[in-house]
Amino acid sequence: MYAAVESEVWLVNGEKIKVAIVGSTGYGGVELIRFLWGHPRVEITSVISASSAGSLLTEGFPHLSEIVVQTLDGVDPAEIAAKADVVFTATPSGVSGKLVPELLEAGLKVIDLSGDFRIKDGSVYETWYKHTAPENGLLEKAVYGLSEIYDKKVEGAGLISNPGCYSTATLLGLIPVLDAGWIDPASIIIDAKSGVSGAGRGTSLMTHYAEINENLKAYKVNKHQHIPEIEQTLSWVAGKPVTVTFTTHLVPMTRGIMCTTYASLLGTYTEGDLIELYRGFYKGRPFVRVREKGIWPATKEVFGSNYCDIGFAADSRTGRLTIISVIDNIVKGAAGQAIQNLNLMMGWDETTGLKLSPVYP
Ligand SMILES: NC(=O)C1=CN([C@@H]2O[C@H](COP(=O)(O)OP(=O)(O)OC[C@H]3O[C@@H](n4cnc5c(N)ncnc54)[C@H](OP(=O)(O)O)[C@@H]3O)[C@@H](O)[C@H]2O)C=CC1
Ligand SMILES: CC(=O)N[C@@H](CCC(=O)OP(=O)(O)O)C(=O)O
């Protein structure tokens with residue numbers, strides 16, 4: 001519908017923008033390629049690897065043979081700037097913090113998928129991530145790209161810090177009810193579960209098949225690096241400091257995050273009230289879908305898509321609210337939201353290149 005109008009404008013106005021991807025051999029990078037291939041306003045001009053420069057991306061990813069024909073470029077900011085206007089850094093935390101300043105210096109716009117620019121207070125970042133923080137000016141400059149909430153700040157930004165996967169699911173589920181003042185901010189408990197692709201493509205004992213198959217593990221309890229990110233955003237929304245209890249679990253599935261969040265209600269609100277509140281809050285935001293009463297979302301219902309689906313249960317017996325929010329960690333939790341942010345940054349329709357239905361079953 002919008003696509004016809006948009007593409008006409010685009011054809012009249014000029015060329016596609018050129019994008020480069022650092023970390024193109026990782027799960028986030030490969031997912032960026034999958035979506036950007038179908039994006040009408042973007043051309044991928046450089047795929048970059050620190051360890052495999054000079055070889056073909058398709059040697060490791062034969063399924064992309066029709067899509068990427070270039071050899072992998074090395075990590076050279078001046079060379080990237082000569083080939084591209086915008087660069088996605090799908091690189092580990094600690095790596096992005098050092099590389100992004102050089103890419104900005106070279107004149108590129110940057111969308112960073114790591115945690116390095118999400119936390120505004122450098123000392124808080126250093127406590128949770130155990131890396132040296134990027135210099136404070138850049139932390140201030142980076143726009144926290146939770147697309148549905150900070151879209152106006154993302155528009156025209158030069159550096160976007162893409163949110164964490166767990167943070168995205170948790171925050172989209174909690175912000176409307178916290179913003180409305182319907183819950184006690186001191187009562188928030190988040191029970192979060194992720195598929196193993198959330199840990200990236202590298203192998204480890206944690207994600208080894210025999211260790212995770214037919215198994216369910218809690219990890220980083222009270223120590224997860226998304227805790228300060230979630231607390232920072234909830235504090236902005238509440239206008240006062242908010243702390244949360246947050247427990248992550250690894251589930252034997254490839255993709256998907258489910259966050260089950262509990263909070264005490266400050267009044268008598270029905271599920272109907274909550275559905276009305278959330279549908280109003282996310283009106284016109286196509287990637288957030290609010291379920292009908294008594295229907296809770298499942299990870300399969302967003303698999304491979306940029307949707308965040310949300311459902312509720314309000315318990316009049318305990319006075320507690322349960323919010324269930326699901327996303328695909330590599331799409332809405334990483335590459336999809338990064339492209340949504342590119343669209344917002346450029347002033348395009350936020351769904352451009354992202355209108356894919358979930359893969360089901
Ligand atoms: N997986 C997920 O669900 C999510 C991931 N993220 C974040 O996105 C980022 C990418 O994650 P993901 O793709 O899963 O991770 P992967 O481990 O799958 O990939 C990371 C990539 O970074 C590249 N890399 C490593 N070191 C360097 C370096 N020094 N310079 C340049 N490139 C380097 C590696 O490629 P090569 O050696 O070829 O250069 C690798 O392909 C991380 O910060 C992660 O925390 C965020 C949300 C969700
Ligand atoms: C399953 C799994 O291991 N998931 C990762 C989340 C990845 C992520 O989003 O981490 P950043 O904040 O570094 O971007 C984790 O829990 O650390």
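Me: Two strands pair if DSSP finds at least two bridges between them. With that in mind, how many bridges join E1 to E3?
Reply: In this predicted model, E1 and E3 are joined by 4 bridges and run parallel. Val19 has Val86 in E3 as its bridge partner.

Me: And what joins E3 to E4?
Reply: Here too there are 4 bridges, and E3 runs parallel to E4, which spans residues 109-112. The bridge partner of Val87 in E4 is Val110.

Me: Are the faces of E3 covered or open?
Reply: Both faces of E3 are covered. Val86 and Phe88 are buried on one side, and Val87 and Thr89 are buried on the other.

Me: Which residues of H2 are buried?
Reply: In helix H2, residues 27-37, the buried residues are Tyr27, Gly28, Gly29, Val30, Glu31, Leu32 and Leu36.

Me: What covers them?
Reply: The cover over the buried residues of H2 includes strand E1 (17-22), E2, strand E3 (86-89) and H13.

Me: Let us change topic to the sheet of 7 strands. What is its strand order?
Reply: The order is E8-E9-E7-E10-E13-E12-E11; the sheet is open and its pairing is mixed.

Me: Why is one side of E8 and of E11 left without a neighbour?
Reply: Strand E8 (217-219) and strand E11 (288-290) stand at the edges of the sheet and have a single partner strand each, so one side of each has no neighbour there.

Me: What is the average twist?
Reply: From one strand to the next, the twist averages 20°.

Me: How do E7 and E10 pair?
Reply: Strand E7 (residues 189-194) pairs with strand E10 (residues 257-264) in the antiparallel sense, over 6 bridges. Within E10, Cys259 stands opposite Ala192, and Tyr262 stands opposite Ile189.

Me: And what about E10 with E13?
Reply: E10 and strand E13, residues 320-327, are also antiparallel, and they pair over 8 bridges. Ile257 has Ile327 in E13 as its bridge partner.

Me: Now helix packing. How is a pair of packed helices described?
Reply: Two packed helices are described by the angle between their axes and by the distance between those axes.

Me: Then what are the values for H9 and H11?
Reply: Helix H9 (residues 165-179) packs against helix H11 (residues 226-238) at an angle of about 20°, and the axes are 10 Å apart. That angle makes H9 roughly parallel to H11, because angles under 35 degrees count as roughly parallel.

Me: Is the crossing left-handed or right-handed?
Reply: H9 and H11 cross in the right-handed sense.

Me: Which residues meet there?
Reply: H9 contributes Tyr166, Ser167, Thr170, Leu171, Leu174, Ile175, Leu178 and Asp179. H11 contributes His226, Glu229, Ile230, Thr233, Leu234, Val237 and Ala238. The residues of this contact divide into 9 nonpolar, 4 polar and 2 charged.

Me: Next, the backbone. Which residues have a positive phi without being a glycine?
Reply: Lys130 is one of them, with a phi of about 60°. Glu214 is another, with a phi of about 55°.

Me: Where is Lys130 found, and is it buried or exposed?
Reply: Lys130 is in the loop between helix H6 (122-129) and helix H7 (136-141). Lys130 counts as exposed because it has 10 C-beta neighbours inside 10 Å, and the cut-off for exposed is 12 or fewer.

Me: And where is Glu214 found?
Reply: Glu214 is in the loop between helix H10 (209-212) and E8. Glu214 counts as exposed, with 6 C-beta neighbours inside 10 Å.

Me: What joins Tyr360 and Pro361?
Reply: A cis peptide bond joins Tyr360 and Pro361, with omega about 0°. Pro361 lies in the segment after helix H13 (331-346). H13 also forms part of what covers the buried residues of H2.

Me: Last point: where is Ala50 found?
Reply: Ala50 is in the loop between strand E2 (42-48) and helix H3 (57-60). Ala50 is partly exposed, with 14 other C-beta atoms within 10 Å.

Me: What separates the C-alpha atoms of Ala50 and Leu139?
Reply: The C-alpha atoms of Ala50 and Leu139 are separated by 25 Å, and the two residues are 89 residues apart along the chain.

Notes:
Residues numbered from 1 in each chain as written. Chains lettered and ligands numbered in written order. Predicted model: local features only at pLDDT ≥ 70, side-chain atom pairs only at ≥ 80, totals over all residues. Axes fitted to C-alpha atoms, helices over the stretch in contact; angles between N-to-C directions. Helix = DSSP H or I, 4+ residues; strand = E, 2+ residues; numbered from the N terminus. Parallel < 35°, antiparallel > 145°, perpendicular 65-115°, else oblique. Left-handed = near helix turned anticlockwise from the far one by under 90°. Contact = placed C-beta atoms within 7 Å. Nonpolar A, V, L, I, M, F, W, Y, C, P; charged D, E, K, R; others polar. Buried ≥ 20, exposed ≤ 12 C-beta atoms within 10 Å, placed from the backbone.
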